[in-house]
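Please keep the sequence and the structure in view while reading.

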Amino acid sequence: MQQRSSFQVVDGQLIGAKQIPSPNFNQRPAEAKIELVVIHNISLPPSQFGGGYIQQFFQNQLDSTQHPYFETIQDLKVSAHLLILRTGEVLQFVNFQQRAWHAGRSSYLGQQECNDYSIGIELEGSDDCAFETLQYQVLAQVVVSLQQAYPAIQQHVAGHSDIAPGRKTDPGPYFDWVKFRSLVQQIKNSK
Ligand SMILES: [Zn+2]
């Protein structure tokens with residue numbers, strides 16, 4: 001199998017991703033350097049896949065009459081830089097040079113406000129089921145591309161639950177870090 005990454009970062013855009021702009025972003029602090037990737041999971045309604053509701057949610061276009069759960073989140077203004085669907089398709093909502101709103105109150109290695117200096121990647125998934133193999137393969141390729149574009153990331157890839165313990169549980173117990181890290185290493189070795 002061809003393991004070389006098919007993604008490339010140009011001017012904060014991921015070539016190979018479908019661009020779906022979200023209004024939910026602001027500028028990173030002037031001194032902020034991109035040095036962390038945060039992995040999340042999301043599904044709307046919870047534990048249901050497909051339907052395009054996550055995309056609508058990140059664009060503030062979710063119709064709250066479509067599902068009772070949507071009423072509970074309709075006032076939230078959030079985003080991630082990337083969403084990897086169950087099909088492996090990658091969507092980009094926010095340019096990497098901008099600050100997406102995915103981490104909330106958070107801390108990594110003693111540094112607060114992870115949104116300032118991180119890239120947020122959502123996997124379409126939930127805490128109660130396995131992710132697709134294709135999602136791992138695509139995620140690993142994307143992360144390698146990001147590490148090349150932003151060398152300060154190095155090995156700094158964390159789960160939302162790692163940077164907001166007690167408050168967040170994603171990417172959840174089914175996210176296989178060993179599998180993910182070994183795929184990243186395979187792609188690096190093949191370069
Ligand atoms: Zn999260």
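**Sheet, helix and one histidine**

Strand S5 (residues 36-42) and strand S11 (residues 118-124) run parallel and are joined by seven bridges. The model that shows this pairing is predicted.

**The sheet**

- Strands of a sheet pair through backbone hydrogen bonds, in either a parallel or an antiparallel manner.
- In this model, six strands make up an open sheet with mixed pairing, in the order S3-S7-S6-S11-S5-S12.
- Strand S3 (18-19) and S12 are at the edges and have a single partner strand each, so one side of each lacks a neighbour in the sheet.
- Valine 37 has isoleucine 119 as its bridge partner in S11.

**The helix across the sheet**

- Helix H3 lies across S5, strand S6 (82-84), strand S7 (90-92), S11 and S12.
- The direction of H3 is at about 170° to that of S11.

**Histidine 156**

- Histidine 156 is found in the loop between helix H3 (133-149) and strand S12 (157-159).
- Histidine 156 counts as partly exposed because it has 17 C-beta neighbours inside 10 Å, a count that falls between the limits of 12 or fewer for exposed and 20 or more for buried.
- Leaving aside residues up to four places away in sequence, histidine 156 touches Glu35, Leu36 and Val37.
- From histidine 156 to serine 47 the C-alpha to C-alpha distance is 28 Å, and the two are 109 residues apart in sequence.

**The annotated span**

- An unreviewed UniProt entry lists residues 22-172 as "domain: N-acetylmuramoyl-L-alanine amidase".
- Residues 22-172 are 22% helix and 22% strand, and the end C-alpha atoms of this span lie 25 Å apart.

Methods:
Residues numbered from 1 in each chain as written. Predicted model: local features only at pLDDT ≥ 70, side-chain atom pairs only at ≥ 80, totals over all residues. Helix = DSSP H or I, 4+ residues; strand = E, 2+ residues; numbered from the N terminus. Contact = placed C-beta atoms within 7 Å. Pairing = 2+ DSSP bridges. Axes fitted to C-alpha atoms, helices over the stretch in contact; angles between N-to-C directions. UniProt positions renumbered as here; feature names shortened; annotations may be inferred.
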